[in-house]
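Good morning, and thank you for coming. Please look at the structure as it comes up.

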Amino acid sequence: MKIEDLFSVRGKVVVITGGSRGIGEMIARAYVENGAKVYISARNAAVCDGLATELSKIGTCISIPANLGDMADLARFAAEIAAREPKVHILFNNAGASWGQSFDDFTEAGWDKVIDLNLKSVFFLTQKLVKQLAAAATEDDWARVINIGSIDGMHVSPYEAYSYNASKAGVLHMTRMMAKFLAARNIAVNAIAPGYFPSKMTAGLNDEIVDLTMSQTPMRRKGNTDDMAGVALFLGSRASGYLCGSTVTVDGGFATTA
């Protein structure tokens with residue numbers, strides 16, 4: 001098989017949550033540039049609309065702003081996607097938030113906000129779009145759900161972000177659960193566990209933590225757009241056809257030392 005067929009995502013309908021910045025933007029840009037029809041969501045409507053306008057100059061990108069941490073807004077977003085697209089080939093569950101606070105002071109608000117967005121929304125958005133995913137699937141090219149976890153769901157991080165780390169560990173295990181039970185519908189569910197990538201979220205880390213992370217990363221650098229684009233395109237294409245319930249760690253080797 002030719003590489004352009006094996007790795008092509010041209011003509012696929014792709015939904016990317018949290019798609020306006022950081023890792024979500026990296027994924028959205030890669031898919032638009034390679035001929036997919038991409039829907040992005042984010043809580044900040046102006047930023048979401050702005051990126052969609054920019055990417056629409058090179059392909060098709062549609063903004064549907066939403067707060068997926070709110071079940072009513074999640075349902076509205078899913079209904080709007082379903083009304084526009086009878087088939088969704090790829091769903092990236094990327095929307096996320098973090099909350100750092102000491103154990104003694106950690107608040108219920110910091111727990112609920114993060115768990116609702118990072119974990120709960122992954123399950124329920126997939127549930128609400130499962131008919132469109134199943135409709136897009138074929139025997140030789142399954143639909144894909146790709147959940148964005150984190151290496152912080154795989155090790156004990158050096159900072160106190162209890163709900164974030166718990167949510168990302170949950171995402172990785174839920175990926176395996178979903179993979180087992182959605183395979184009957186020709187939907188392959190996999191995850192990406194990123195290491196340090198520049199984003200609004202990582203911008204909040206202090207220099208000491210960043211330096212520690214870099215010192216423990218064998219490749220001695222942060223992730224970049226090409227690093228995320230490559231694995232995201234792989235997981236959405238026929239090239240990943242026999243992956244189901246897998247987590248691809250994209251961290252420059254950090255997990256081997258942490």
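Predicted model: local features only at pLDDT ≥ 70, side-chain atom pairs only at ≥ 80, totals over all residues.

Helices (H or I, at least four residues) and strands (E, at least two) are DSSP runs, numbered from the N terminus. With that convention, Ser 41 is found in the loop between E2 and H3. Residues are numbered from 1 along each chain as its sequence is written, and side-chain values use heavy atoms, with hydrogens and water left out.

Is Ser 41 buried or exposed? Buried means under 20% relative accessible area, exposed over 50%, and partly exposed in between (1.4 Å probe, protein chains only). Ser 41 counts as buried because its relative accessibility is 1%. Contact here means heavy atoms within 4.5 Å. Leaving out residues up to four places away in sequence, Ser 41 touches Ile 16, Thr 17, Gly 18, Gly 19, Ser 20, Cys 48, Ile 64, Leu 68 and Phe 77.

I turn now to strand E1. In a regular strand the side chains alternate between the two faces of the sheet. Both faces of E1 are covered, with Val 13 and Val 15 buried on one side and Val 14 and Ile 16 buried on the other. E1 runs parallel to E2, and 4 bridges join them; two strands pair if DSSP finds at least two bridges between them. Val 13 has Lys 37 as its bridge partner in E2.

Next, the nonpolar core, defined as a set of buried Ala, Val, Leu, Ile, Met, Phe, Trp, Tyr and Cys residues joined through side-chain atoms within 4.5 Å. The largest one has 32 residues, and those with the most contacts inside it are Ile 27, Tyr 31, Val 38, Ile 40 and Phe 92. Among the elements that each supply at least two residues of this core are strand E1 (13–16), helix H2 (22–33), strand E2 (37–40) and helix H8 (225–236). Which element gives the most? That is H2, with 7 residues. As for Val 38, its contacts, not counting residues up to four places away in sequence, are Val 14, Ile 16, Ala 28, Tyr 31, Val 32, Thr 60, Cys 61 and Ile 62. Apart from this core lies another, of 31 residues, including Tyr 39, Leu 129, Met 178 and Ala 179.
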